[in-house]
Amino acid sequence: MIQKPKGTYDVFDTQGKQIQYLEKLFASLMEKYNYEYMRTPLFESSELFHRGVGDSTDIVTKETYDFVDRGNRNMTLRPEGTAGIVRSFIENKLYGRASIPVKCWYMGPMYRYERPQSGRYREFYQMGVETFGSLDPMIDAEIISIPVSFFRLLGLKGIKVHINSLGDIESRINYKKALLEYFEPHIETLCEDCKNRYQKNPLRILDCKIDQDKDILKNVPKLQDYLNEQSKKHYEAVKKYLEALQIPYIEDPNLVRGLDYYTHTVFEVEANVEGFGSRNVLCGGGRYDGLVETLGGPKTPGVGFALGMERLLTALEYEKIDVIQNKTLDIYVMPMGEQTKEYAIQQTMLLRMNGFTVDIDMMDRNVKSNFKQADRYHTKWVILIGEEETSTQIITIKNNQTQEEYKIKEEQLIQFFDEQIEEDMHETI
Ligand code: HAM
């Protein structure tokens, strides 16, 4: 039997509904924030990620899915969404719009060749946002507020926002110098990857999973001591806006993130799933004021974040939040006999076109097993269509919870369900 590739998963049963619900909720939240939907290709030139995400990152050195296409071009399946969106922003000259900042959102699969385990997949889905053109720290706070509002809407309680500042490019250069000086006498004690990182980007050493516990990493110069006035001011303002938005945060000076493009604010939002460790990070993001320029566009600041669908599902499960519990079938239609089916399917379609979620028996079940099927769907309303209903066009409706029965004329069917289902909604609120 052919099996799915390692690190991937299939969606079926209730998980499909859950995912669709989360995607819809995210899309409607983004509408409220006035962000526009963008979509970019699943694969891009490999160079985009080398220059964009960074040559010294694990993502690019160890985790990309690379291939040479039939035209001999080096291509990579996108490991994340930001680089592609920035490429599109430049290529489509979105920087020329009068209505800056450009604010957009996206969702879709990303690919990283990581060691698969729960919470870490080779194909995983992100929902993310990117904004371009504003240096205002208010937008950093707005970006952080998006996942926080999303998680609050979902009712997640155990979330924690971690923030840090990596400073502007000048501060980063000064810090990099300090790190090079600090590590120089100790290069030999570093792991092979970190020796490489020392050459390419010493900041990455701070993020190393192997060297993390070595003494040499305990006394590393602190980035905060190298932030210039401008960077400190920006960071203070972001915190002020978070407080205004009543978003509690934890300052984490060790938070550097695994991608090279960040400047100033970086953040991660963690869930609280026991035994999940670093896989508790539901989302991460930050400011990247140099990335548009690095990728060949005009100097344009940017801020964004992305959140992982799979980890969100795990966090919801852990907190026992069932997002689809009330999202059931409105009406189940039972035709009783071959001659009633045409009329029954017409009524089903009519109800669907009027906004109800409706299904109809397609298995010629008898009445008893049809009611069982309605129970499986948790359907409150059942329509029975027998020969009498077909000829009189007076329809029998049963409330599957109270067993009450109603006889309703065909032309009043929509009005009946409009009223009943509205009443049901009030009851659940
Ligand atoms: P990232 O931290 O690499 O950032 O990924 C964001 C989120 O995607 C993570 O917090 C996690 O929930 C999820 N994720 C990452 N890798 C995996 C995996 N192998 N399996 C399951 N979930 C995963 C970025 O991707 C940046 N592009 C975020 C950003 C946007 N920064 C600025 N704008």
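## The five-stranded sheet

Let's start with an open sheet of 5 strands, ordered β13-β12-β14-β15-β16 with mixed pairing. Here, strands (E, at least two residues) and helices (H or I, at least four residues) are DSSP runs numbered from the N terminus, and two strands pair if DSSP finds at least two bridges between them. β13 (358-360) and β16 (405-409) stand at the edges with a single partner strand each, so one side of each is left without a neighbour in the sheet. On average, neighbouring strands of this sheet are turned by 25 degrees against each other, direction ignored. For such angles, axes are lines fitted to C-alpha atoms, for helices over the stretch in contact, and values run from 0 to 180 degrees between N-to-C directions.

Before going further, please keep in mind that this is a predicted model, in which local features need pLDDT of at least 70 and side-chain atom pairs count only at pLDDT 80 or more, while totals for chains, interfaces and linings use all residues. Residues are numbered from 1 along each chain as its sequence is written, and side-chain values use heavy atoms, with hydrogens and water left out.

## Helices on that sheet

Strand β12 (residues 331-335) and β13 run parallel and are joined by 3 bridges. Within this pair, Tyr-332 stands opposite Asp-359 in β13. Helix α11 (residues 341-353) packs on the sheet, touching β12, β13, β14 (381-385) and β15 (394-399), and its direction makes about 165 degrees with that of β13. Contact here means heavy atoms within 4.5 Å. Helix α12 (residues 367-376) also packs on the sheet; α12 touches β12, β14 and β15, and its direction makes about 165 degrees with that of β12.

## The three-stranded sheet

Another open sheet has 3 strands in the order β2-β4-β3, with antiparallel pairing. Its edges are β2 (43-45) and β3 (65-68), each with a single partner strand, so one side of each has no neighbour in the sheet. Neighbouring strands of this sheet are turned by 35 degrees against each other on average, direction ignored.

β2 and strand β4 (residues 74-77) run antiparallel and are joined by 3 bridges. Along this pair, Phe-43 has Leu-77 in β4 as its bridge partner, and Glu-44 stands opposite Thr-76 in β4. On the β3 side, the antiparallel pairing with β4 spans 4 bridges, and Asp-66 stands opposite Thr-76 in β4. The hairpin of β3 and β4 has 5 residues between the strands, and in it Asn-72 takes a positive phi near 70 degrees.

## The ligand and its shell

Which residues are closest to the ligand? They are Glu-80, Thr-82, Glu-114, Glu-130 and Tyr-262, out of 26 residues that surround the ligand, where a residue is near if one of its heavy atoms lies within 4 Å. By residue class, the shell divides into 11 nonpolar, 8 polar and 7 charged. In this scheme, Ala, Val, Leu, Ile, Met, Phe, Trp, Tyr, Cys and Pro count as nonpolar, Asp, Glu, Lys and Arg as charged, and the others, Gly among them, as polar.

A polar side-chain atom of Glu-80 lies 2.6 Å from a nitrogen atom of the ligand, and an N or O atom in the side chain of Arg-257 is 2.9 Å from a ligand oxygen atom. Phe-305 places a backbone N or O atom 3.3 Å from a nitrogen atom of the ligand. The protein covers 96% of the 660 Å² of accessible area that the ligand has on its own, with areas from the Shrake-Rupley method and a 1.4 Å probe. The elements giving two or more residues to the shell are β6 (123-132), β10 (281-287) and β11 (302-308); β10 gives the most, with 6 residues.

Technical notes: Polar contact = N/O pair within 3.5 Å; in protein donor to acceptor, adjacent residues only side chain to side chain.
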